[in-house]
Amino acid sequence: MSVTGANRVSATVVIERAAFPQLLDALKTARYKLLGPKLVNGAIVYEELAGAGELPAGWAEDQMPGVYKLKRRIDEALFGYTVGPHSWKKFLHPAVAVLWQATKNAKGFDLAAPPIRAQKLALLGVRPCDLHAISILDTVLGRGPYKDPVWAALRKGVFVLAVNCVEPGGTCFCASMNTGPRASFGFDIALTEVVEAERHFFVATAGTERGSAMLEKTPHRPARPDELDRADQLLANAASKMGRKLDTTGLKELLYRNHEHPRWDNVAGRCLSCASCTMVCPTCFCTTVEDTTDVTGRHAARVRKWDSCFTLAFSFIHGGPIRASVRARYRHWLTHKFATWLDQFGTFGCVGCGRCITWCPAGIDVTEEIGAIRHTESAKSRKEAS
Amino acid sequence: MGGVTMPSGKKPKLAVWKFASCDGCQLTLLDCEDELLALAEAVEIAYFPEASRAVVKGPYDISLVEGSITTPHDAERIHAVRRMSKCLVTIGACATAGGIQALRNFKDVKEFVSVVYATPAYIEVLAKSTPIADHVFVDYELRGCPISKVQLIELLGALLCGRKPNIPTYSVCIECKRRGIVCLTVAKDMPCLGPVTQAGCGAVCPGLDRGCYGCFGPKETPNTNSMSTIWATLGVSRADLTRAFRGFNAYAEPFRRESTAHEQK
Ligand code: SF4
Ligand code: SF4
């Protein structure tokens with residue numbers, strides 16, 4: 001569960017489209033930096049927003065393995081698209097972070113860590129799969145004796161405005177991973193957007209005191225039963241409209257049994273080991289650390305950068321890389337997401353967002369790869385299972 | 001391999017050598033405006049004809065070598081440079097892969113010579129343009145056409161204090177994703193060599209809405225075959241695939257193999 005808690009402190013209300021900008025204005029007045037979806041150069045990405053006017057109203061996208069294409073909607077929905085190439089980890093677990101800097105002085109050197117956060121963050125339009133992704137990273141980076149200070153500082157006090165998914169995309173499979181399409185925890189406010197011929201409104205629920213305080217500042221009224229039914233119906237439909245499916249029964253054991261399955265060679269023939277999948281994945285958290293000095297030798301810095309298990313350096317130890325072949329690297333990644341993660345952190349490492357499928361230049365699809373292994377498991381391996 | 005740790009008080013001597021090349025890479029050194037003064041303080045620029053006629057005799061602590069080997073004379077000279085250099089760094093696609101002039105490696109150079117020069121007999125040239133590492137041991141290499149100023153400063157900074165330089169060999173995709181650049185292939189059907197090309201440029205071209213040309217050469221374990229399959233689905237012809245892999249790094253083995261595979265006889 002997320003640190004934002006699961007208690008709903010207010011009844012479900014309706015915010016009309018015309019009043020919606022006031023919700024974001026209220027957050028701005030409360031000194032939050034607004035981060036949310038924005039149309040930039042051919043895709044919907046997450047960036048700082050000035051207000052609701054910058055949301056990609058009336059846009060959607062087609063997503064398929066290796067393909068992402070924006071398209072106009074027939075309506076002016078504010079959240080009528082799914083997830084794009086960015087994930088929220090870019091704000092909470094930055095791609096590049098200076099951990100400390102050192103400057104030489106007469107006696108030795110001065111150490112300094114640059115400030116991590118200037119302003120508290122409001123994440124706007126977080127999808128249920130991504131709520132789970134943030135919660136997974138809370139477990140990985142924010143718990144235990146060695147919390148990541150960067151994550152802790154950036155994550156603290158983050159306001160989460162979740163938006164339920166009424167139109168899943170072509171590579172989505174949150175229903176299979178039990179992470180969506182409805183937000184169940186980890187939000188301050190959750191919205192369901194309803195666009196009809198004559199009306200456009202949001203059904204809103206607060207998940208925290210903070211959330212309900214923000215709702216208070218936005219014109220709203222109690223939701224009528226027919227409005228609630230409408231929103232429920234949209235979400236029920238959404239669950240059956242997932243672009244992808246993944247059978248998770250006995251998945252961990254399936255993968256553990258099939259380390260030598262020929263499918264790994266097959267996928268290695270297509271995989272570029274480009275690491276795009278891991279970069280776009282909202283739960284992939286690996287980093288590398290680079291120590292740098294300038295030519296004067298007076299300044300040094302330790303810089304942390306997103307890294308990937310698809311690189312050779314990632315598994316390099318004395319004598320060479322452990323995972324020299326692409327087969328080994330792809331297998332390692334997929335097995336971590338869908339098997340070893342369970343042993344390590346108690347959940348899958350995948351939330352079914354579909355980003356790795358869409359943004360893989362080779363269009364490699366985790367659900368298809370796992371399906372292929374399941375359907376062509378050798379008799380010998382199946383016997384081990386029983 | 002390693003740094004150039006000096007007895008205290010002594011500055012390491014830097015030399016810049018030119019073989020068959022366009023000078024663009026060594027000019028990157030002069031382009032380091034912000035760092036140039038600091039660099040001039042940290043090292044003794046002992047041999048750099050492009051910048052100064054003053055010559056300090058060898059041996060040299062750091063030699064930056066630009067250009068490929070294309071003549072019998074240069075094939076000799078590079079050994080002399082190696083003997084005079086404690087740490088030899090090749091800079092740029094010419095020095096690391098043979099450069100654009102390695103396009104002749106796919107044809108008969110004698111024919112070119114006979115067509116281009118009035119008196120072919122005066123031209124003494126090797127059949128192939130080859131990278132420096134085919135001739136002598138190379139300590140470090142900086143890729144690119146031209147090299148990246150950031151990587152050059154990083155490497156010199158590392159050598160000066162005896163630490164490991166951060167010169168990654170993974171894909172350009174990683175740099176794109178860290179910068180939040182939207183993938184051109186996925187979102188715009190644009191052919192891009194980023195997935196098979198070594199990082200280091202900072203994703204310059206994709207950042208400017210152009211597919212990667214592969215000027216940093218093949219990355220570690222490049223799957224050029226899968227790359228070609230993707231380009232073919234984007235409508236790129238086999239002839240154009242050959243051209244795409246025959247750029248500045250045409251003679252780098254994985255690109256050479258891929259371009260030849262699509263060549264129509
Ligand atoms: S593995 Fe793929 S589908 Fe699963 S969370 Fe990561 S990017 Fe999304
Ligand atoms: S699975 Fe796709 S995105 Fe991931 S490394 Fe391989 S080619 Fe790149």
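Analyst: Domain bounds here are those of an automatic or database domain assignment. For chain A of this predicted model, the assignment gives domain 1 (7-94 + 116-240) and domain 2 (251-289 + 308-378). Residues count from 1 along each chain as written, and chains are lettered from A and ligands numbered from 1 in the order written. In this predicted model, local features need pLDDT of at least 70 and side-chain atom pairs pLDDT 80 or more, totals for chains, interfaces and linings use all residues, and side-chain values use heavy atoms, without hydrogens and water.

User: What separates the centres of domain 1 and domain 2 of chain A?

Analyst: Taken over C-alpha atoms, the two centres lie 28 Å apart. The contact (heavy atoms within 4.5 Å) draws 29 residues from domain 1 of chain A and 28 residues from domain 2 of chain A.

User: How is the size of an interface often given?

Analyst: As the accessible area lost when the parts come together, here with a 1.4 Å probe and summed over both parts. Domain 1 and domain 2 of chain A bury about 2,200 Å² between them, with 67% from carbon and sulfur atoms.

User: Which residues of chain B supply 23% of the area it buries against chain A?

Analyst: Chain B and chain A bury about 3,000 Å², 60% of it on carbon and sulfur atoms. B:Lys177, B:Arg178 and B:Val186 supply 23% of chain B's share, more than any other three residues. In this interface, 36 residues of chain B touch 47 residues of chain A.

User: Where is the kink in helix 11 of chain A centred?

Analyst: On A:His336, with a kink of about 60° in residues 326-345. After helix 11 comes A:Gly346, with a positive phi near 85°.

Methods: The bend at a residue is the angle between axes fitted to the seven residues ending there and the seven starting there. Helices (H or I, at least four residues) and strands (E, at least two) are DSSP runs, numbered from the N terminus. Buried area is the accessible area (1.4 Å probe) that two parts lose on being put together, summed over both.
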